[in-house]
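Subject: A structure for you to look at

Hello,

Here is the structure I promised to pass on. Please open it first, and then read the notes below beside it.

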Amino acid sequence: MPLTIREFNEAPAQDVRPALTACLDVPRWVETLLARRPYADLAALLAASEALTPLRPEEVRRAMAAHPRIGEKAGGQSTEAGWSRSEQSGVDGDAAREFAAANAEYEATFGHVFLVCASGRSGAELLENLRSRLSNDPEKELEVAGQELAKIAALRLEKAVTA
């Protein structure tokens with residue numbers, strides 16, 4: 001990793017599938033992107049990825065399982081764990097401690113982890129986002145989480161595949 005767009009297009013599906021799954025653990029999304037190869041360039045791949053949204057509720061739930069709580073650093077050496085640690089770099093110290101209580105309230109309300117595209121955002125900004133989303137109804141919140149997953153997938157695709 002990363003793959004060039006040429007390598008992405010030409011590699012056997014079984015060699016590319018893990019990279020796509022690291023971007024978004026949604027089999028329909030992964031398999032459709034594989035089936036539609038080749039892509040002219042990274043922009044075409046990103047456009048194809050976006051065209052596969054919105055994600056279905058069951059896909060959002062599945063994909064959320066691959067993400068740690070905001071404020072809890074992912075362990076391990078996997079690609080996903082490394083990306084997650086980088087994406088959450090703005091959530092350290094006091095912000096991470098505040099997230100423990102906020103995450104508990106969120107999970108009690110919605111029954112799943114709070115999911116947000118954290119890349120480049122401060123802990124305070126993310127905490128404000130979590131608190132504002134507590135007023136959503138469960139259906140709307142799952143939709144918002146799906147939109148955030150799509151943003152994360154696009155950022156990760158840009159890390160996994162280069163021009």
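A nonpolar core here is a set of buried Ala, Val, Leu, Ile, Met, Phe, Trp, Tyr and Cys residues joined through side-chain atoms within 4.5 Å. Buried means under 20% relative accessible area, exposed means over 50%, and partly exposed lies in between (1.4 Å probe, protein chains only).

Please keep in mind that this is a predicted model: local features need pLDDT of at least 70, side-chain atom pairs count only at pLDDT 80 or more, and totals for chains, interfaces and linings use all residues. Residues are numbered from 1 along each chain as its sequence is written, and side-chain values use heavy atoms, with hydrogens and water left out.

The cores

The largest nonpolar core has 33 residues, and Phe8, Leu20, Trp29 and Leu45 touch the most other members. Two or more residues each come from helices H1 (5–10), H2 (13–23), H3 (27–35), H4 (42–51), H5 (57–64) and H9 (138–160). Helices are DSSP runs (H or I, at least four residues), numbered from the N terminus. H9 gives the most to this core, with seven residues. There is also a second, separate core of twelve residues, including Ile70, Tyr106, Phe114 and Leu130.

To see the surroundings of Phe8, look for its contacts (heavy atoms within 4.5 Å). Not counting residues up to four places away in sequence, Phe8 touches Leu3, Val16, Leu20, Arg37, Tyr39, Leu45 and Val161.

Helices H2 and H9

The axes of H2 and H9 come within 8 Å and cross at roughly 145°. Axes are lines fitted to C-alpha atoms, for helices over the stretch in contact, and angles run from 0 to 180 degrees between N-to-C directions. Leu20, Ala22 and Cys23 of H2 meet Ala153, Arg156, Leu157 and Ala160 of H9. By class, this contact has six nonpolar, no polar and one charged residues. For that tally, Ala, Val, Leu, Ile, Met, Phe, Trp, Tyr, Cys and Pro count as nonpolar, Asp, Glu, Lys and Arg as charged, and the others, Gly among them, as polar.

Helix H8 and Arg133

Which residues of H8 are buried? They are Gly123, Leu126, Leu127, Asn129, Leu130 and Arg133. Seen down the axis of H8, these buried residues fall within an arc of 155°, so they line one face of the helix. The arc is that of the directions from the helix axis to the C-beta atoms. The face turned away from the buried side of H8 carries the exposed residues Ala124 and Glu128.

Arg133 lies in H8, which covers residues 123–133, and its relative accessible area is 5%. Leaving aside neighbours within four places in sequence, Arg133 is in contact with residues including Tyr106, Phe110, Phe114 and Glu141.

Salt bridges

A salt bridge is a side-chain nitrogen of Lys or Arg within 4 Å of a carboxyl oxygen of Asp or Glu. By this rule the count comes to ten. In one of them, Glu141 pairs with Arg133, the closest N and O atoms being 2.4 Å apart. Glu141 is buried, with a relative accessible area of 0%.

Another salt bridge joins Glu10 and Arg6 (3.3 Å, N to O). These two are four residues apart in helix H1, so about one helical turn separates them. Glu10 is exposed at 57% relative accessibility, and Arg6 is exposed at 58%. Finally, Arg28, Arg56 and Glu59 are linked in a network of salt bridges.

Best wishes
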